[in-house]
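Please have the sequence and the model at hand while reading.

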Amino acid sequence: MKICVYCGSSPGNNPKILYAAEEFGKKIAERGIELVYGGSSLGVMGILANAVMENGGRVTGVIPGNLFSKEVAHTGITELITVEDMHERKSKMAGLATAFVAMPGGFGTMEELFEIITWNQIGIIQKPVTLLNIDGFYDPLLSMIHQAEHAGFIRKKNTDILQEATSVDICLDICSKDFRNP
Ligand code: AMP
């Protein structure tokens with residue numbers, strides 16, 4: 001099983017989010033799940049990847065060549081795949097992973113999250129997508145999605161593509177359950 005995690009290339013300013021990234025990385029490694037992510041050593045991305053590696057897990061990073069220095073590519077992970085551009089990065093990560101999780105992050109994280117939801121919506125892939133909503137970070141985003149549903153722009157069955165987890169354990173249970181019963 002391989003989980004693709006989208007998360008911030010910045011650390012943010014809420015320690016609970018950083019603890020959650022460490023806990024998530026540790027538990028991924030303990031469960032024998034491989035991490036697929038954007039290959040940076042910075043921010044939440046770097047903390048997550050380090051936690052997996054420090055606990056004996058396996059990490060594959062996918063990074064465009066032109067971001068290698070800007071995002072400070074992580075050279076201490078199991079495998080670092082260099083791709084041409086952002087589009088190739090996203091399709092590579094989507095092809096490798098069996099489930100997707102978004103942790104707190106900025107525009108990059110949210111862009112990746114919404115793209116993978118829409119790929120499920122139009123049937124390009126059928127893989128679980130979970131929002132790891134630490135300390136209510138994503139509450140406003142969830143409200144916006146429900147508002148769009150109530151306004152008739154998102155069908156209920158498509159709202160349900162995105163599952164919410166408020167803890168690392170719940171998140172891993174959702175990913176594992178859907179993986180066994182797709
Ligand atoms: P951010 O949440 O803005 O810190 O970005 C998190 C990660 O998403 C970083 O590794 C960004 O390079 C990446 N990212 C930003 N935009 C895109 C995009 N259009 N396609 C793929 N990755 C992206």
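How are helix 3 and helix 4 oriented to each other? They are oblique to each other, a class that takes the angles left over when those under 35 degrees count as roughly parallel, those over 145 as roughly antiparallel and those from 65 to 115 as roughly perpendicular. This is a predicted model, in which local features need pLDDT of at least 70 and side-chain atom pairs count only at pLDDT 80 or more, whereas totals for chains, interfaces and linings use all residues. Residues are numbered from 1 along each chain as its sequence is written, and side-chain values use heavy atoms, with hydrogens and water left out.

**Helix packing**

The axes of helix 3 (residues 86-96) and helix 4 (residues 107-121) come within 12 Å and cross at roughly 60 degrees, and the crossing is right-handed. Their contact (heavy atoms within 4.5 Å) is made by Arg89, Lys90, Ser91, Met93 and Ala94 of helix 3 and by Glu111, Glu112, Glu115, Ile116 and Trp119 of helix 4. By class, this contact has four nonpolar, one polar and five charged residues.

Helix 1 (residues 15-30) and helix 2 (residues 43-54) pack at about 35 degrees with their axes 7 Å apart, again in a crossing that is right-handed. Residues of the contact include Ile17, Leu18 and Phe24 of helix 1, and Val44, Ile47 and Leu48 of helix 2. The contact divides into eleven nonpolar, one polar and two charged residues.

**Ligand surroundings**

Of the 16 residues around the ligand (a heavy atom within 4 Å), Ser9, Glu71, Arg89, Gly106 and Thr109 come nearest. The table gives polar contacts, which are pairs of N or O atoms within 3.5 Å.

| Residue | Residue atom | Ligand atom | Distance |
|---|---|---|---|
| Gly106 | backbone N or O | oxygen | 2.8 Å |
| Thr109 | polar side-chain atom | oxygen | 2.6 Å |
| Glu111 | polar side-chain atom | nitrogen | 3.3 Å |

Conventions. Axes are lines fitted to C-alpha atoms, for helices over the stretch in contact, and angles run from 0 to 180 degrees between N-to-C directions. Helices (H or I, at least four residues) and strands (E, at least two) are DSSP runs, numbered from the N terminus. A crossing is left-handed if the near helix is turned anticlockwise from the far one by less than a right angle, and right-handed if clockwise. Ala, Val, Leu, Ile, Met, Phe, Trp, Tyr, Cys and Pro count as nonpolar, Asp, Glu, Lys and Arg as charged, and the others, Gly among them, as polar. A polar contact is a pair of N or O atoms within 3.5 Å; within protein, one must be able to donate a hydrogen and the other to accept it, and residues adjacent in sequence count only if both atoms are side-chain atoms.
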